Structure formats: structure tokens, C-alpha cells
Amino acid sequence: MPAVLTVREAGTERRIVLDARAVVGRDADCDVVLASRSVSRRHAVVEPAGAGWVVRDLGSANGLFVEGKRLTQATLAPGASLRFGDVEATFESGGTQRASSAERLAQSLSLAPARKARPAALAIVATLAIGALVGATIWTRSCDRAPAAAPAAAPR
């Protein structure tokens, strides 16, 4: 039975459809990526358990709150309010709130931020820029050193 986690962060609201176990955190490898610095890299896990869903804190620094109480684990009821650090969320499961097919498609097509690629891309761009500067410098110096062509002799 799918569930929906509605996350409110930085003035926006996202609905994430959960079909199986999902790790919530700041790390790009998490299933639900949150940007807030109050969220640990691997903050919590939301997973099916029996006929319902359970949320467990993964040792986060700023805690997991369910219905305003700091807990390490809780069974989630439909409509439960969650907080991962400073990020608020609402949990829905079963028939209480169904995601439309368009929302499920949008969720499946969304890409997690490629944070791990940024340092490599930066190194490549910096290397290419330095190479271009060195090449331009060598070309300019070679042009300055070339002897000027002697003027052609004028016919008498």
C-alpha cells in the first residue's frame, strides 16, 4: 500500500510517493533529499511494517518529531505530522489521500541533486580554463617574437 509524504521546506511543498522503504536526509543518496542544514545526512527511515508504516530516527542530531514529540521510532497514522530537524512533513497512507498519476509520474522523473559531481566538474572546468590561458599566453609570446617581414624592394 503506497503512502505519501508531503514535505514543506523553504516555502515550497513537495509530495513524495512512498512504495517501499525510504531514507530521509540531506545526502544525495537518500530517497527523500532535504536541503535544510538542520537535517542530518541520513536522518530517518520511513518503511512499511505489517499493515502500516513506521518511522525510525537514524541517530540524527536534531531529532525526529512525530505529533510534536521527539521519538526514536513511531507507527505512523494517516495524517500524522512529522518534523525532521526544522523541516515539517505530513504522512498519508491508504485511501486517505491518493496521488494522481501525473504526480506519480513527476515523482518518478524527478532527479536528485548531483552534489557528488560538482567537485569533479569544477576541477575539469578549472583545468580547461588554465589550459586555455596557458595556450593563449604561449601563442601571444610566439607572435611577439616573430621577426617582422622585410618590406619588399620598390622597383626603380
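## Basis of the description

Buried residues have under 20% relative accessible area, exposed residues have over 50%, and partly exposed residues lie in between (1.4 Å probe, protein chains only). This is a predicted model, in which local features need pLDDT of at least 70 and side-chain atom pairs count only at pLDDT 80 or more, while totals for chains, interfaces and linings use all residues. Residues are numbered from 1 along each chain as its sequence is written, and side-chain values use heavy atoms, with hydrogens and water left out.

## Overall architecture

The protein chain contains two helices and eleven strands; these are DSSP runs numbered from the N terminus, with helices being H or I of at least four residues and strands E of at least two. Along the sequence, the pattern is β-β-β-β-β-β-β-β-β-β-β-α-α. The protein chain has 156 residues, of which 31% count as buried.

## The five-stranded sheet

An open sheet of five strands has the order β4-β3-β5-β6-β9, with mixed pairing; two strands are taken as paired if DSSP finds at least two bridges between them. The edges are formed by β4 (32-33) and β9 (73-76), each with a single partner strand, so one side of each has no neighbour in the sheet.

Within this sheet, β5 (residues 44-49) and β6 (residues 52-57) run antiparallel and are joined by six bridges. Ala49 has Gly52 in β6 as its bridge partner.

## Salt bridges

There are three salt bridges in the structure, each defined by a side-chain nitrogen of Lys or Arg within 4 Å of a carboxyl oxygen of Asp or Glu. Glu47 takes part in a salt bridge with Arg21 (3.4 Å, N to O). This pair links distant parts of the chain, with Glu47 in strand β5 and Arg21 in the loop between β2 and β3 (22-25), 26 residues apart. Glu47 also forms a salt bridge with Arg56, where the closest N and O atoms are 3.0 Å apart. Glu47 is buried at 19% relative accessible area, whereas Arg21 is partly exposed at 44% and Arg56 is partly exposed at 26%.

Glu9 and Arg14 form another salt bridge, their closest N and O atoms being 4.0 Å apart. Glu9 counts as buried, with 13% relative accessibility, and Arg14 is partly exposed, with a relative accessible area of 33%.

## Positive phi in two loops

Ala10 is not a glycine, yet its phi is positive, near 55 degrees. Ala10 lies in the loop between β1 (3-9) and β2 (12-18) and is exposed, at 79% relative accessible area.

Glu67 also has a positive phi, about 55 degrees, without being a glycine. The loop that holds Glu67 runs between β7 (64-66) and β8 (69-71). Glu67 is partly exposed, with a relative accessible area of 48%.

## Charge over a ring

The charged end of Arg83 sits over the ring of Phe65, 4.0 Å from the ring centre. The criterion is NZ of Lys or CZ of Arg within 6 Å of the ring centre and within 35 degrees of the ring normal.

## Surface of helix α2

Helix α2 spans residues 117-145 and includes Ile138. Ile138 is exposed, at 56% relative accessible area. Together with Ile130 and Val134, Ile138 forms a nonpolar surface patch with about 290 Å² of accessible area. Patch residues have over 30% relative accessible area and no salt bridge; like charges are joined within 9 Å and nonpolar side chains (Val, Leu, Ile, Met, Phe, Trp, Tyr) within 5 Å. Accessible areas come from the Shrake-Rupley method with a 1.4 Å probe, and for residues only the protein chains shown count as cover.
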